Amino acid sequence: MNREEQIQASSRRQFDRQSACYGKAHILKSTDDLASALPVLRPQAGESLLDVATGAGHTACFFAGLGLEVTACDISEKMLEQTRRQASERGLTIRTACHTAESLPYASGSFDVVTCRVAAHHFACPASFTMDVSRVLKTGGRFLLIDGTVEDAYPEAKAWLHAVEVLRDPSHQEFITPDEWTHLTGHVAMRVIHRKLQPFKQPDLEWYFETANTPAENRDKVRELVKNPPAEARELFQVCAEDGKWVWWWQRLVLVAVKK
């Protein structure tokens with residue numbers, strides 16, 4: 001098993017185990033970030049959409065509710081069970097498929113829209129992912145990426161957040177900066193037409209531990225990092241204690257690119 005396969009296997013185990021935590025009670029149930037992208041993405045009823053790494057299907061259900069023909073894929077079959085359950089409860093029709101993000105088993109030019117929301121930081125190879133996204137998009141098709149990020153030119157803050165996330169969630173790989181995403185998409189014949197940071201206040205750190213099933217020995221290490229961040233990270237993420245809970249403002253990137 002090569003490194004990419006090892007990362008994918010680790011992600012599959014993590015999300016199979018934690019799938020129940022990503023349902024109705026998860027912060028991703030709020031789709032304000034998706035709604036904010038609609039004026040740029042301009043999805044139309046009847047268009048085909050692929051939601052990559054759908055998780056519990058919050059994004060897939062959002063777009064299916066707008067009348068798009070949605071295929072939701074994920075590396076975890078347990079997550080797809082959550083997606084199918086949520087779609088059924090809402091009276092929505094969504095196709096599901098279990099596979100990796102780096103190798104999409106669809107013909108070239110299959111989709112009008114591809115989405116990926118708060119998942120790409122788990123991927124083994126973001127370059128392979130963006131390459132295949134471009135391949136399966138029709139000419140003029142749109143790609144919506146939403147994920148955690150760190151502003152460009154803040155290396156100390158990025159290193160601190162990476163240390164926190166790797167300890168908190170073993171499936172985490174890397175938060176990619178806005179400029180890096182622009183380069184990755186531009187390299188595979190996509191043109192960025194919208195790029196915006198939307199700071200998002202994180203709930204209590206303890207909630208994150210439970211969601212990711214953070215090992216007990218790692219929790220104290222994370223708490224220490226959060227209590228003593230470098231000045232650059234403290235300022236950029238507004239790390240602070242509120243009512244006895246450690247919180248910070250996570251940087252969330254909303255990016256839309258068009259296939260040339």
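A disulfide is a pair of cysteine sulfur atoms within 2.5 Å of each other. By this rule the count here comes to 0 disulfides. The structure is a predicted model, in which local features need pLDDT of at least 70 and side-chain atom pairs count only at pLDDT 80 or more, while totals for chains, interfaces and linings use all residues. Residues are numbered from 1 along each chain as its sequence is written, and side-chain values use heavy atoms, with hydrogens and water left out.

**The cysteines**

Select Cys 125 and Cys 116. The closest cysteine sulfur to that of Cys 125 is in Cys 116, 14 Å away, which is too far for a bond. Next, select Cys 61 and Cys 73. The sulfur of Cys 61 has its closest cysteine sulfur in Cys 73, also too far for a bond at 14 Å. Cys 61 has 0% relative accessibility and therefore counts as buried (under 20% relative accessible area; exposed is over 50% and partly exposed in between, with a 1.4 Å probe and protein chains only).

**Strand 4 and Val 113**

Move to Val 113, which is in strand 4. Helices (H or I, at least four residues) and strands (E, at least two) are DSSP runs, numbered from the N terminus. Val 113 is buried, with a relative accessible area of 0%. Leaving aside neighbours within four places in sequence, Val 113 is in contact (heavy atoms within 4.5 Å) with Leu 41, Glu 47, Ser 48, Leu 49, Leu 50, Leu 137 and Arg 142. From Val 113 to Phe 129, the C-alpha to C-alpha separation is 15 Å, across 16 residues in sequence.

**Helix 5**

Now display helix 5, residues 126–136. Its buried residues are Pro 126, Phe 129, Thr 130, Asp 132, Val 133, Ser 134 and Val 136. Among the elements that cover them are strand 1 (48–52), strand 4 (111–117), helix 7 (178–186) and strand 9 (249–259).

Select Ser 134, which is buried at 5% relative accessibility. Apart from neighbours within four places in sequence, Ser 134 is in contact with Val 188, Ala 189, Met 190 and Lys 259. Ala 127, also in helix 5, is partly exposed at 36% relative accessibility. Its C-alpha is 24 Å from that of Met 79, 48 residues apart in sequence.

**Helix 6 against helix 9**

Turn to helix 6 (residues 155–168), whose axis comes within 9 Å of that of helix 9 and crosses it at roughly 160°. Axes are lines fitted to C-alpha atoms, for helices over the stretch in contact, and angles run from 0 to 180 degrees between N-to-C directions. Helix 6 is therefore roughly antiparallel to helix 9 (an angle over 145 degrees). Select Trp 160, Ala 163, Val 164, Leu 167 and Arg 168 in helix 6, which meet Asn 218, Lys 221, Val 222, Leu 225 and Val 226 in helix 9. By class, this contact of helix 6 with helix 9 has 7 nonpolar residues (Ala, Val, Leu, Ile, Met, Phe, Trp, Tyr, Cys and Pro), 1 polar (the others, Gly among them) and 2 charged (Asp, Glu, Lys and Arg).

**Helix 8 against helix 9**

Finally, select helix 8 (residues 205–212) with helix 9 (residues 216–227), where the axes come within 12 Å and cross at roughly 145°. Leu 205, Glu 206, Phe 209 and Glu 210 of helix 8 meet Arg 219, Val 222, Arg 223 and Val 226 of helix 9. The contact of helix 8 with helix 9 divides into 4 nonpolar, no polar and 4 charged residues.

Terms used: Parallel < 35°, antiparallel > 145°, perpendicular 65-115°, else oblique.
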